[in-house]
Amino acid sequence: MKYGPTILDIRKAKKISLKNLLQDQMTPSRYSRFVDGKTETSVNNFVALLENLNVTFDEYLYINNGYQNSRYDQLYRKLTTALKADDAPALIVIVNQINVFAQSSPDNLRMKNLLDMTMLALNHVQGDPLNPTAREDLVKYLINCETWTHYEIMIFYNFIFIFDVETVIVIQKRLIRVISRYDNLRLYGSEPFRTLVKITMFYLEHGKVLEALESLMDLRDFDIQEEFLFERTMYKFVAGETYTITNTNRIKAIDDALNIFQAAGSTHQVNRLVDHMKLVVKANQFHNDDFDALIEKWGGTPSTKTPTDHHRFLTPPQ
């Protein structure tokens, strides 16, 4: 793939002079050969060009791909959309598509992981036992990966249902380290927080209230930015739910959070949260008249899934 011509297109579109672009970091002749596709350039030079063009690497890749996401990103988005919608027919199509790409690139670990994820998603939606090989490979990859980035966080976020509680407890400690590293990086700022919220709700769905309380303490220490409304609303919800289960009535906080999502038009989100609350009641054998009344107020069809089967109570971040 030639990367130079796109640099030229961006420079012309932004009307940035060659002098301002190169800034003595690259000779005009070397730049000319690069943008003509006759030669490549060093990573240092390429990063400098992007910075001087005021373009991020992700933006560059998107432009260079004809203003489209990569094949992997397109398939991954289809996968998470189908998983969220419990769309088994769509997942069957995606499995077949990914299998073709995986077979053509047998050494591509990213595509292999994607195939494993799609097979597990299909098993989950159809209510079948999880494919043991796919599950083992994906779990092993995440456990053996000592440094997590956005890629690993998103796998864990969307496929937490393949783990047992003990493994989630171990992974949570690793996630806390990720937070400390990416706390000031806006791109990753919300994703570790959303994953911690999901872990807290996972614990509640499995009757692990003490673990949920400890996870809530981690959430309190996370300095989320003011404009992250989704994160703040989810914290209000999960904190209200956890404290209510431990006999400190926070029904109003839960109701306020659901009202915010309802006002934002997120009816699907509200329904999933209500289903989650019903699972929590069942898992913890929890009885509270106000909590029951709140569930009844927000309606919805009672969930028929067990706590180990249900996981999609958060909208996956894009």
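Helix α4 gives the most to the lining of the second largest cavity, with 4 residues; helices here are DSSP runs of H or I of at least four residues, numbered from the N terminus. The model is predicted, so local features need pLDDT of at least 70 and side-chain atom pairs count only at pLDDT 80 or more, while totals for chains, interfaces and linings use all residues. Residues are numbered from 1 along each chain as its sequence is written, and side-chain values use heavy atoms, with hydrogens and water left out.

By class the lining has 5 nonpolar, 3 polar and no charged residues, where Ala, Val, Leu, Ile, Met, Phe, Trp, Tyr, Cys and Pro count as nonpolar, Asp, Glu, Lys and Arg as charged, and the others, Gly among them, as polar.

The next topic is helix packing. Two packed helices are described by the angle between their axes and the distance between the axes. Axes are lines fitted to C-alpha atoms, for helices over the stretch in contact, and angles run from 0 to 180 degrees between N-to-C directions.

Helix α7 (residues 88-104) packs on helix α8 (residues 109-126) at about 160°, with the axes 9 Å apart. That angle makes α7 roughly antiparallel to α8 (over 145 degrees; under 35 counts as roughly parallel). Their crossing is left-handed, meaning that the near helix is turned anticlockwise from the far one by less than a right angle, whereas clockwise is right-handed. The contact of α7 with α8 comprises 15 nonpolar, 3 polar and no charged residues.

Helix α14 (residues 229-245) and helix α15 (residues 251-263) have axes that come within 8 Å and cross at roughly 150°. α14 is therefore roughly antiparallel to α15, and the crossing is left-handed. The α14 side of this contact includes Phe230, Lys236 and Glu241, and the α15 side includes Asp256, Leu258 and Phe261. Its residues divide into 10 nonpolar, 3 polar and 3 charged.

The axes of α14 and helix α16 (residues 267-284) come within 12 Å and cross at roughly 20°. These two helices are therefore roughly parallel, and α14 passes α16 in a right-handed crossing. Phe230, Met234, Phe237, Glu241 and Ile245 of α14 meet Gln269, Leu273, His276, Met277 and Val280 of α16. This contact has 7 nonpolar, 2 polar and 1 charged residues.

Note on methods
Parallel < 35°, antiparallel > 145°, perpendicular 65-115°, else oblique. Contact = heavy atoms within 4.5 Å.
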